[in-house]
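Open the model in your viewer and keep the selection tool ready. This tour tells you what to pick next and what you will find there.

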Amino acid sequence: MSKIFKKVLVIVSPMLIIFLMFILKVVYGSFITGRFLPCWFNLVTGYLCPGCGGTRSFFSLMEGDIVSSFKYNAFVPIMLMFAIVVYVRMFIKVVLERDINVFPKDDRFVYVPLVLFLIYFVVRNFFIVY
């Protein structure tokens, strides 16, 4: 892949993703609302899985309602912020051709979202009263 193509891809991809998310919300938002699939983990165990409420959280973010998004599933907006940081680092590296260290170079850092996911599951089910 050429450098120019990489730069264009890094610049255009967030705009394309935002546009596709908007289309998803406009076209399927009214259809999906109220027709969520049941969570099998919840049906079997009675506990909320870490992904329960993720779709509602996503749609709340698309409407700009950050508070409701956190209420439905706090993990979705947190991972969105994480993704934004990763994108900014990629933008600086590819487009500006500078290397910055946002994250540790250690491979164990990859496990941070997984650990946060598990902590969220425990806190959500055992320490928060609805």
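The stops below run from the whole chain to single residues.

**Before you start**

This is a predicted model, in which local features need pLDDT of at least 70, side-chain atom pairs count only at pLDDT 80 or more, and totals for chains, interfaces and linings use all residues. Residues are numbered from 1 along each chain as its sequence is written, and side-chain values use heavy atoms, with hydrogens and water left out.

**Stop 1: the whole chain**

Show the protein chain as a cartoon. You will find 6 helices and 0 strands. Helices are DSSP runs of H or I with at least four residues, strands are runs of E with at least two, and both are numbered from the N terminus. Along the sequence the pattern reads α-α-α-α-α-α.

Of the 130 residues, 18% are buried. Buried means under 20% relative accessible area, exposed means over 50%, and partly exposed lies in between (1.4 Å probe, protein chains only).

A contact means heavy atoms within 4.5 Å.

**Stop 2**

Side chains of opposite charge can pair when their charged atoms come close. The structure holds 2 salt bridges, each a side-chain nitrogen of Lys or Arg within 4 Å of a carboxyl oxygen of Asp or Glu.

One joins K3 to E97, at 4.0 Å from N to O. K3 sits in helix α1 (residues 3-32), while E97 lies in the loop between α5 (75-94) and α6 (112-126), 94 residues apart. Colour by accessibility: K3 is exposed at 59%, and E97 is partly exposed at 47%.

The other joins K7 to E97, with the closest N and O atoms 3.1 Å apart. K7 is also in helix α1, and this pair spans 90 residues. Shared partners tie K3, K7 and E97 into one network. K7 itself is partly exposed, at 27%.

**Stop 3: the cysteines**

A disulfide is a covalent bond between the sulfur atoms of two cysteines. How many disulfides are there? The count is 0, using a cut-off of sulfur atoms within 2.5 Å. C39 is partly exposed at 21%, whereas C49 is buried at 18%.

**Stop 4: S60**

Move to helix α3 (residues 54-62) and pick S60. Is S60 buried or exposed? S60 is buried, with a relative accessible area of 6%. Leaving aside neighbours within four places in sequence, S60 touches D65, S68, S69 and Y72.

**Stop 5: helix α5**

Finish on α5. This helix has 20 residues and reaches 28 Å from its first C-alpha to its last, close to the 28 Å expected at 1.5 Å a residue. That expected span is 1.5 Å times one less than the number of residues. Highlight F75, P77 and I92, which are buried. The cover over the buried residues of α5 includes α3, α4 (66-72) and α6.
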